[in-house]
Amino acid sequence: MLLSGLGAILVSVVGAGTMLPTPAGRVPPEEVRQTPPFDNPGVREIEPGKYEAVIVAQIWAFVPNEIRVPAGSEVTFKVASADVVHGFFIENTQVNAMIIPGQITEVKQTFDEPGEYLLICHEYCGIGHHNMWGRVVVE
Ligand code: CUA
């Protein structure tokens, strides 16, 4: 059930094409885990109603793989790869980015509706690619 859902999402993603956002900074993949803020990934409130979610994309997981925010939050995702090219796609949102090794990708999204939003890697990244997913929980 989940797998067939993912398949449908992948097909629609390929059809829509993938944005290449301007890099928000640079960090070599081998230094990601030692470089702030990626040495301490997770979600933090930066001002009322605004959150920053720092995520490391790596084979084959997002770290962390669950982000929790209250409904109505604006979330800035800061994502960097610790190895190869990954995708960063959140269902039912505008978030659709490629995570290129060496670049910090920043995407912003406001979550008005409570619920669970599936986060998937939609760039093929090796044998465990289909296991690389997480979720945004909006409470
Ligand atoms: Cu990471 Cu596909």
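Predicted model: local features only at pLDDT ≥ 70, side-chain atom pairs only at ≥ 80, totals over all residues.

Student: How many residues of strand 7 are buried?

Tutor: Strand 7 covers residues 86-90. His86, Phe88 and Ile90 point one way from the strand, Gly87 and Phe89 point the other way, and all are buried. The number of buried residues in strand 7 is therefore, with buried meaning under 20% relative accessible area, 5 of 5.

Student: Which residue is the bridge partner of Gly87 in strand 8?

Tutor: Strand 7 pairs with strand 8 in the antiparallel sense, over 4 bridges. Their hairpin has 5 residues between the strands, and Asn92 takes a positive phi near 60° there. Within strand 8, the bridge partner of Gly87 is Met98.

Student: Is Ile127 buried or exposed?

Tutor: Ile127 lies in the loop between strand 10 and strand 11. Exposed means over 50% relative accessible area. Ile127 has 70% relative accessibility, so this residue counts as exposed.

Student: Which strands stand at the edges of the sheet?

Tutor: The sheet is open, with 5 strands in the order 5-11-10-7-8 and mixed pairing. Each edge strand has a single partner strand, so one side of each is left without a neighbour in the sheet. The edge strands are strand 5 (66-69) and strand 8 (96-99).

How values were computed
Residues numbered from 1 in each chain as written. Heavy atoms only, no water. Pairing = 2+ DSSP bridges. Helix = DSSP H or I, 4+ residues; strand = E, 2+ residues; numbered from the N terminus. Buried < 20%, exposed > 50% of the residue type's maximum accessible area, 1.4 Å probe, protein only.
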